[in-house]
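Biologist: I would like to learn how to read a protein structure, one feature after another. Could you give me the general idea each time, and then the case at hand?

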Amino acid sequence: MEQGIKALTEFLDSSPSVYHAVDNLSQMLKNAGYTCLSEADDWNLEPGGNYYLIRGGSALIAFRIPRTAPRGFLMSASHADRPCFKVKENGELAGTYTRLATEKYGGMLIAPWLDRPLSIAGRVLVETQTGVEARLLNIDRDLLLIPNVAIHMNRGANDGFAWNPAVDTLPLLGGKDAKGKLSALLEREAGGKILGHDLYLYVRQKAAVWGLDEEFISSAALDDLACVWGCARGFLNAQDSADIPVLCVFDSEEVGSNSVQGAASMFLETTLERICSSLKLSLPRMLAQSFMISADNAHALHPNHPEYADPANAPVLNGGVVLKFNAAQRYTTDGLSAALFRKVCARAGVPVQTYFNRADMPGGSTLGHISLSHVSVPTADIGLPQLAMHSSYETAGTTDAVALEKVMSAYYGCAPVMDSSGFVL
């Protein structure tokens, strides 16, 4: 297996929640010599310094300061959350069986979650002798399952079915005597009394590379951990730039980005302000020479349903990184940002594909247009082509994942000079 894909599968398998994904990125940055900053402290940034900060355990911004006076920021933004089920407080439902109360997080495909082993992961707030401490938690075993109703009792199951998340998707946890055992298990795994939690169900199936020529990769949360991984690797591998490279990984994209860790928050804006303040730079002048890549996966042409795609703008697996367009600005790419991204791809030797929604089938959006309300710079919306977006187990192309890392390495190593009439790269 190509070494980069092997590393990607390891990252996917070790990131069962948004909190684990950000913790894994934090370890990557620490290992590369980056210093963790606190938003509550004064910052004394140094030329040549490498830094990152984490907000809420589920969002991260990393940056490095060039040794010469920078002109602008080279930014990318992706998200580490995924559609799933969130565990409710007082979640154990006792009766003939013991079930778990959950609610939907994000716009998911429900059917793929049924009849497969699941477990629980996320963040817990634990009482200690010195206060309350946030800790990661992952019950690393097959713990629960959402059972389907047999076809004999639901004859219309294959003719379309309206799922009721208050009834149909509650996972089975144990028998009638299991009441209270989950709480005890969670506190035992957490190492103390849990005063609060953000816990989610996750699919136990590991990431897989498959196909006649191992050309496909399938995993939970490819949207958007594949982009998180490609952007982070490109950020770390890039040569020095005359600009300030900035890696952004947000939370809450799947539910509108409206959280203190989301793209609609002030997280990025205040970070850029503090960088400029520490280095005695003008933020408006820096933003005038800045660029953003919003990296979130794109719908690939479906092998069984090509009619859902725009005929001339339907990316395929392993056809290259995708530029996404939308006239209503749900994707932020315009002519200028498309041209710059295509130049970067040419420099990296990576093919580019294009995506438009079919005109009569409105699609989703990404965090790019949301972040523009706080940091208004030219932005290209990109992604990897994938199948079964928002399923519990998604599919993409292996060469595309490698290509994104190459593109982002080239991007973070460049220093475009821009104005309203064009750019020099």
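Modeller: Let us begin with exposure: a residue is called buried under 20% relative accessible area, exposed over 50%, and partly exposed in between, with a 1.4 Å probe and protein chains only. Glutamine 329 has a relative accessible area of 36%, and therefore it is partly exposed. The model is a predicted one, in which local features need pLDDT of at least 70 and side-chain atom pairs count only at pLDDT 80 or more, while totals for chains, interfaces and linings use all residues. Residues are numbered from 1 along each chain as its sequence is written, and side-chain values use heavy atoms, with hydrogens and water left out.

Biologist: Where does glutamine 329 lie among the helices and strands?

Modeller: Helices (H or I, at least four residues) and strands (E, at least two) are DSSP runs, numbered from the N terminus. Glutamine 329 is found in the loop between β16 and α7 (335-348). For the chain, the secondary structure comes to nine helices and 22 strands.

Biologist: What is the phi of glutamine 329?

Modeller: Most residues other than glycine have a negative phi, and most peptide bonds are trans. Glutamine 329 has a positive phi, near 65 degrees, and is not a glycine. Histidine 390 also has a positive phi, of about 75 degrees, although it is not a glycine. Histidine 390 sits in the loop between β19 and β20 (394-397), and it counts as buried because its relative accessible area is 19%.

Biologist: Which peptide bond is cis?

Modeller: The bond from aspartate 223 to aspartate 224 is cis, with omega near 20 degrees. Aspartate 224 belongs to helix α4.

Biologist: What does leucine 317 have in contact with it, once its neighbours within four places in sequence are left aside?

Modeller: Contact means heavy atoms within 4.5 Å. The contacts of leucine 317 beyond those neighbours include Phe216, Ala300, Pro385, Leu387 and Asp400. Leucine 317 and aspartate 400 are 83 residues apart in sequence, yet 7.3 Å apart in space, C-alpha to C-alpha. Leucine 317 lies in the loop between β15 and β16 (321-324), and it counts as buried because its relative accessibility is 18%. Across the chain, residues 24 or more positions apart account for 78% of the contacts with a separation of 6 or more.

Biologist: How do I tell a pocket from a cavity?

Modeller: On a 1 Å grid over the protein atoms alone, a cavity is a set of points where a 1.4 Å probe fits but cannot get out, whereas a pocket is an open set with protein on both sides within 12 Å along at least five of seven lines, and lining residues have an atom within 4 Å of a point. Grid points are joined across faces, edges and corners, and a volume is the space filled by probe spheres set on the points. The largest pocket has a volume of about 840 Å³. Of its 38 lining residues, the closest to its centre are His299, Tyr355, Gly363, Gly364 and Met389. Both β15 (298-299) and β19 (385-387) supply at least two residues of this lining.

Biologist: Which residues lie nearest the centre of the second largest pocket?

Modeller: They are Glu89, Asn90, Ser183, Leu186 and His197, among 17 lining residues. This pocket holds about 340 Å³ of space, and β5 gives the largest share of its lining, six residues.

Biologist: How many cavities of 30 Å³ or more does the whole structure have?

Modeller: The search finds two. The largest cavity has a volume of about 70 Å³, and its lining includes Pro16, Tyr105 and Asp251. The second largest cavity holds about 60 Å³, and α1 (3-13), α4 (222-237) and α9 (398-412) each supply at least two residues of its lining.
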